[in-house]
Amino acid sequence: MRILISGASIAGPVLAYWLARQGFSVTVVEQAPAPRKTGGHAVDLFRPAMDISEKMGVLARIEERTTGTRRLALVPEGGRPVRVDLAKVFGAASDRHAEIMRDDLSEIYYEASRDDAEYLFGDSITAIAPDGAVRFEQAAPRRFDVIVGADGLHSTVRRLVFGAESGFTVGTGAYLAVLTLPAATGIDGELRIHVGVGRTAGMYSARHLGEARALFLFRSRHPLDYHHRDVPRQKELLRAAFTGVDPEVRRWLDALDDTDAFYFDSITQLRMDTWSRGRVTLVGDAGYCPGPAVGGSTSLAVVGAYVLAGELARAGGDPDRAFPAYERAMAEHVRGSHAVGRSAAKTLIPTSRLGVRGLAQGTRLLAALPPSLGRAFLRLTTKSARVHNVMTVADYPAPPGQRVDA
């Protein structure tokens with residue numbers, strides 16, 4: 001049985017690994033010309049995704065590549081820094097956690113799956129027929145039994161099969177930007193965040209990178225006018241949102257003129273009544289993005305890929321049986337992640353001076369409490385801790401020495 005996956009970032013390679021393990025013939029098509037190795041931005045893996053990674057035999061490599069961020073320094077605009085041990089924060093969010101650069105994680109998953117799946121880099125899907133016939137920009141047409149969109153918030157597969165992105169997205173009114181900075185001194189293991197009304201800026205590094213990342217979150221009362229590939233316009237909007245900031249943040253923004261490593265997008269949630277149609281389904285941000293940087297989307301993508309592969313195996317590759325089971329298994333996880341995303345966006349980007357003061361005071365309290373009390377405090381006050389710790393998935397054993405009909 002032939003399965004096509006569009007996208008080789010996180011969900012795509014994880015899905016390819018588990019489908020190949022279950023005996024399916026897998027092809028992955030990726031628009032980028034090669035696996036990305038620029039580092040990307042930091043993402044979190046929580047307990048369920050860590051467990052799945054351990055089953056894949058890649059947990060040691062993930063732990064070797066963690067960013068090494070240990071401290072948070074929160075600076076309210078016009079105030080003094082408050083420092084806290086991040087072990088308290090991560091320990092409350094999940095009893096098993098790793099922070100890793102996105103491209104490092106993608107590379108690890110790709111290398112785990114590349115020997116058992118066909119990868120087509122530098123290509124993309126242009127048409128999908130109901131009978132599974134697929135056209136590509138470069139490769140010759142082929143027919144597949146199942147097609148999976150694992151190609152992110154701006155999914156080509158979703159657009160071709162379900163329609164325009166605007167029909168499924170719900171904006172939070174917030175935006176995210178990430179840019180690469182030269183290696184900074186004095187920030188080893190520290191995440192430094194400046195927080196003001198309607199905007200937050202942070203800077204961090206990773207212990208194995210010779211460079212740093214600056215992260216910008218901000219709100220806009222009205223939707224911003226830009227195309228997701230129009231980088232000059234995105235940089236213009238970012239500068240406008242952070243006028244009059246602390247000199248340290250201004251120095252971070254100065255790097256906009258010198259870096260090509262830049263990411264900008266709205267913090268948007270994707271809400272669909274179903275992620276499947278015919279022989280096509282969606283996984284990760286392509287189907288149920290909870291919001292970049294706020295909703296645990298990386299862990300959700302890993303879990304979704306594992307569950308989809310398992311349900312396809314249980315159903316013998318029959319999408320009419322597998323897809324509804326996949327959606328039922330993931331529904332509660334998706335609802336919880338969406339709720340976390342909405343809550344986190346409000347907390348991370350305060351809408352008032354009172355919100356800024358509350359975030360700073362909460363950080364001071366967390367810093368003052370003993371570790372055990374700090375973790376208990378966060379478990380009581382954060383939705384993310386409850387959502388990530390209760391997310392459970394079934395065990396899908398591979399059929400011994402058996403391949404599903406090719």
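These legends describe close-up views of a predicted model.

**View 1. Strand β1 and its pairing with β2.** Strand β1 spans residues 2–6. Of its 5 residues, 4 are buried, leaving the strand mostly covered. Strand β2, residues 25–30, pairs with β1 in the parallel sense. The two are joined over 5 bridges. Within this pairing, Ile 3 has Val 26 of β2 as its bridge partner.

**View 2. The β-α-β unit of β1, α1 and β2.** Helix α1 covers residues 11–21. Together with β1 and β2 it makes a β-α-β unit. The unit is right-handed.

**View 3. Strand β1 beside β11.** β1 also pairs with strand β11, residues 146–149. This pairing is parallel and has 4 bridges. Ser 6 stands opposite Gly 149 of β11.

**View 4. The open sheet β8-β9-β10.** The sheet has 3 strands, in the order β8-β9-β10. It is open, and its pairing is antiparallel. β8 (125–128) and β10 (142–143) stand at the edges. Each has a single partner strand, so one side of each is left without a neighbour in the sheet.

**View 5. The β8–β9 pairing in detail.** Strand β9 holds residues 133–136. It runs antiparallel to β8, and 3 bridges join the two. Ile 125 stands opposite Phe 136 in β9. As a general point for reading strand views, side chains in a regular strand alternate between the two faces of the sheet.

**View 6. The second largest pocket.** The volume of the second largest pocket is about 300 Å³. Its lining is made of 15 residues. Closest to the pocket centre are His 154, Glu 165, Tyr 226, Asp 265 and Ser 266. Two or more lining residues come from each of the elements β12 (169–182) and β16 (262–270).

**View 7. Make-up of the pocket lining.** β12 supplies the largest share of the lining of the second largest pocket, with 4 residues. By class, the lining divides into 6 nonpolar, 7 polar and 2 charged residues.

**View 8. Arg 213 in strand β15.** Arg 213 lies in β15, which spans residues 211–219. Is Arg 213 buried or exposed? Its relative accessible area is 3%. The cut-off for buried is under 20%, so Arg 213 counts as buried. The side chain of Arg 213 makes a polar contact with the side chain of Glu 211, at 3.2 Å.

Key
Residues numbered from 1 in each chain as written. Predicted model: local features only at pLDDT ≥ 70, side-chain atom pairs only at ≥ 80, totals over all residues. Heavy atoms only, no water. Buried < 20%, exposed > 50% of the residue type's maximum accessible area, 1.4 Å probe, protein only. Pairing = 2+ DSSP bridges. Right-handed = clockwise from strand over helix to strand, strands pointing away. 1 Å grid on protein atoms, 1.4 Å probe; cavity = no way out; pocket = protein on both sides within 12 Å on 5 of 7 lines; lining within 4 Å. Points joined across faces, edges and corners; volume = space filled by probe spheres on them. Nonpolar A, V, L, I, M, F, W, Y, C, P; charged D, E, K, R; others polar. Polar contact = N/O pair within 3.5 Å; in protein donor to acceptor, adjacent residues only side chain to side chain.
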